[in-house]
Amino acid sequence: MKKMARMATPPITNPHTANILLCYLLYRIDEPVQVSHLYDIAVSNEIINYFAYQDSLDYLTKHGSIQVVRRAKDDAEVYVLTSQGVRTAKELRNYVGKAYRDKLVSAALHYFARLKRESEVKIDYIPLKKGYYVHVRCLDIGDDLLDLKLYAPDYTQAVYLGKQIMLNPAGFYGKILDAAFSNEEEPLDLSDN
């Protein structure tokens, strides 16, 4: 299925099309995007060809559609869309197929959701004499919401378990709470049999 989607939308190789797409993405996200994150979203997901991406960013920054600024809170370099970039996104977006626009925005939303999950949930693999512990920590501001170790018989299964948890950490946490709240004491067998 993924292969068919890639064939339907091969990577963009035209820098002018990439210009519109990158402006459109920054417009839709409506917040600064770290330099490395934009690369991961556009190039690593095979939406924009590496060379078209580089040419496009060079053009957009030189012509004032995108600015590179240093964010004060973490000193990271971020791309910020200028008013000229906003005009590009609004007026020229229809020159790029909706499939490409949707694919890029979807890739960005998934990327940022994964970053958020990774900052809120920490998973470590602790080797044992036989097997591994999958150490799961769900973090909140200043406190752990959950600190749990699960046993896995080998590293492959430990990593698989960790990946499954990271697909939906909030759902995992919710299911643990549901199980705890619905847990009941085993009834005692008082029969004379």
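1. Patches are made of residues with over 30% relative accessible area and no salt bridge, where like charges are joined within 9 Å and nonpolar side chains (Val, Leu, Ile, Met, Phe, Trp, Tyr) within 5 Å. Accessible areas come from the Shrake-Rupley method with a 1.4 Å probe, and for residues only the protein chains shown count as cover. A salt bridge is a side-chain nitrogen of Lys or Arg within 4 Å of a carboxyl oxygen of Asp or Glu. In this structure, Leu128, Tyr133 and Tyr151 make a nonpolar surface patch of about 270 Å².

2. The model is a predicted one, in which local features need pLDDT of at least 70 and side-chain atom pairs count only at pLDDT 80 or more, while totals for chains, interfaces and linings use all residues. Residues are numbered from 1 along each chain as its sequence is written, and side-chain values use heavy atoms, with hydrogens and water left out.

3. Helices (H or I, at least four residues) and strands (E, at least two) are DSSP runs, numbered from the N terminus. Tyrosine 151 has a relative accessible area of 49% and is therefore partly exposed; buried means under 20%, exposed over 50%, and partly exposed in between (1.4 Å probe, protein chains only).

4. Helix α6 covers residues 98-120, and its 23 residues should span 33 Å at 1.5 Å a residue. The expected span is 1.5 Å times one less than the number of residues. The end C-alpha atoms of α6 are 33 Å apart, which agrees.

5. The buried residues of α6 are Tyr100, Arg101, Leu104, Val105, Ala107, Ala108 and Tyr111. These residues pack against α2 (15-29) and α3 (35-44). Leucine 115 also lies in α6, but it is partly exposed at 25% relative accessible area. Leucine 115 and histidine 37 are separated by 78 residues in sequence, whereas their C-alpha atoms are 9.9 Å apart in space.

6. A nonpolar core is a set of buried Ala, Val, Leu, Ile, Met, Phe, Trp, Tyr and Cys residues joined through side-chain atoms within 4.5 Å. The largest such core has 32 residues, and those with the most contacts inside it are Leu22, Leu25, Leu38, Ile48 and Tyr53. Two or more residues each come from α2, α3, α4 (50-62), β3 (77-81) and α6. The greatest contribution is that of α2, with 9 residues. Apart from this core lies another, of 11 residues, among them Val121, Val136, Cys138 and Leu146.

7. Leaving aside neighbours within four places in sequence, tyrosine 53 is in contact (heavy atoms within 4.5 Å) with Leu22, Val35, Leu38, Tyr39, Ala42, Val43, Ile48 and Tyr79.

8. The structure holds 8 salt bridges. Side chains of opposite charge can pair when their charged atoms come close. One of the bridges joins aspartate 58 to lysine 62, with the closest N and O atoms 3.4 Å apart. The two residues are separated by about one helical turn, because they are 4 residues apart in helix α4. Aspartate 58 is partly exposed at 38% relative accessibility, while lysine 62 is exposed at 63%.

9. Glutamate 77 and arginine 70 form a salt bridge through their side chains, at 3.2 Å from N to O. Both ends are partly exposed, glutamate 77 with a relative accessible area of 39% and arginine 70 with 48%. Arg70 and Glu77 are linked with Asp75 in a network of salt bridges.

10. Arginine 71 and aspartate 74 form a further salt bridge, with 2.8 Å between the closest N and O atoms. Arginine 71 counts as partly exposed at 22% relative accessibility, and aspartate 74 counts as partly exposed at 38%.

11. Aspartate 30 has phi near 60°, a positive value in a residue other than glycine. Aspartate 30 lies in the loop between α2 and β1 (33-34) and is exposed, at 65% relative accessibility. For aspartate 75, phi is near 60°, again a positive value in a residue other than glycine. Aspartate 75 is placed in the loop between β2 (66-70) and β3 and is partly exposed, at 48% relative accessibility.
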